Amino acid sequence: MIMEERKPKILLAEDDTNLGMVLKNYLELNDYDVELCRDGILALAAFRREKFDICLLDIMMPNMDGFKLAEEIRDVDPDIPLFFLSAKTMKEDIIQGYKLGADDYIAKPFDSELLLLKIKAILKRNQELNSKEEEQHEFQIGSYAFNSRLRTLAHNGETHTLSPKENELLHMLCEHKNDLLPRELALKKIWGSDTYFNGRSMDVYIAKLRKYLKDDGNIEIVNIHGNGFRLVVKE
């Protein structure tokens, strides 16, 4: 008996009945399994009940808006790909979306084919990150031991588990230790493109890595303005 390949599962939170059904049908025609929820509370319940590969969230929804829903989702799974689909196009709203960890913020009305391409790209990137077999996966960073296969950063007997993006970014910094990691290279490899908002997202992850490595004064992640970053480790 041949087992059918599992379709990627999408959580679609959208209170516009017509748009929600049209988008659900379109994505299902393109081999995705879609659960449509018409408010944030129902979407959060579905997310806690089932395993999804990506979340598409409207912002202006009854009972719980998309921003609050994103916060709740990130508490459960910090790394699941998340897109906002919204008519709110003020810069402040877009920035808030990315600060909440969105992989993309797509303004309504949008091209369904373009959305489909973005979904395929982000899922392919995650699959490659999760399945990648690295030639070197153990690094000594000053007094820290980093294992990129296990996604662990150990120091003074304590071990911290990194998120996939934190892990990939630190791995690339280690590969370029004491040399320049080009900003564009990291953005394209980890985030899929070198847009302004992806750049803002990467800056947040750099700040997280600095915090994780702060207990060793011989380690510094230096911002080379406009070019990239250097992981400087004094011997």
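Colleague: Is Asp-31 buried, partly exposed or exposed?

Modeller: Buried means under 20% relative accessible area, exposed over 50%, and partly exposed in between (1.4 Å probe, protein chains only). Asp-31 has 49% relative accessibility and therefore counts as partly exposed. Please note that this is a predicted model, in which local features need pLDDT of at least 70 and side-chain atom pairs count only at pLDDT 80 or more, while totals for chains, interfaces and linings use all residues. Residues are numbered from 1 along each chain as its sequence is written, and side-chain values use heavy atoms, with hydrogens and water left out.

Colleague: Where is Asp-31 placed, and what is its phi?

Modeller: Most residues other than glycine have a negative phi, and most peptide bonds are trans. Asp-31 has a positive phi, near 70 degrees, and lies in the loop between α1 (17-29) and β2 (33-37). Helices (H or I, at least four residues) and strands (E, at least two) are DSSP runs, numbered from the N terminus. Asn-156 also has a positive phi, of about 50 degrees, without being a glycine. Its loop joins β8 (152-155) and β9 (158-161), and Asn-156 counts as exposed because its relative accessibility is 70%.

Colleague: Which peptide bond is cis?

Modeller: The bond from Lys-108 to Pro-109 is cis, with omega near -5 degrees. Pro-109 belongs to the loop between β5 (104-107) and α5 (112-131).

Colleague: How many disulfides does the structure hold?

Modeller: A disulfide is a pair of cysteine sulfur atoms within 2.5 Å. The structure holds zero of them. For Cys-37, the nearest cysteine sulfur belongs to Cys-55 and is 9.9 Å away. Cys-37 is buried, at 6% relative accessibility, and Cys-174 is buried as well, at 10%.

Colleague: How many helices and strands are there in the chain, and why is the chain called as compact as a globular protein of its length?

Modeller: The chain has eight helices and 12 strands. The radius of gyration is taken over C-alpha atoms, and the globule rule is 2.2 Å times the number of residues to the power 0.38. The chain has a radius of 19 Å, close to the 18 Å that the rule gives for 235 residues, so it is as compact as a globular protein of that length. Of these 235 residues, 46% count as buried.
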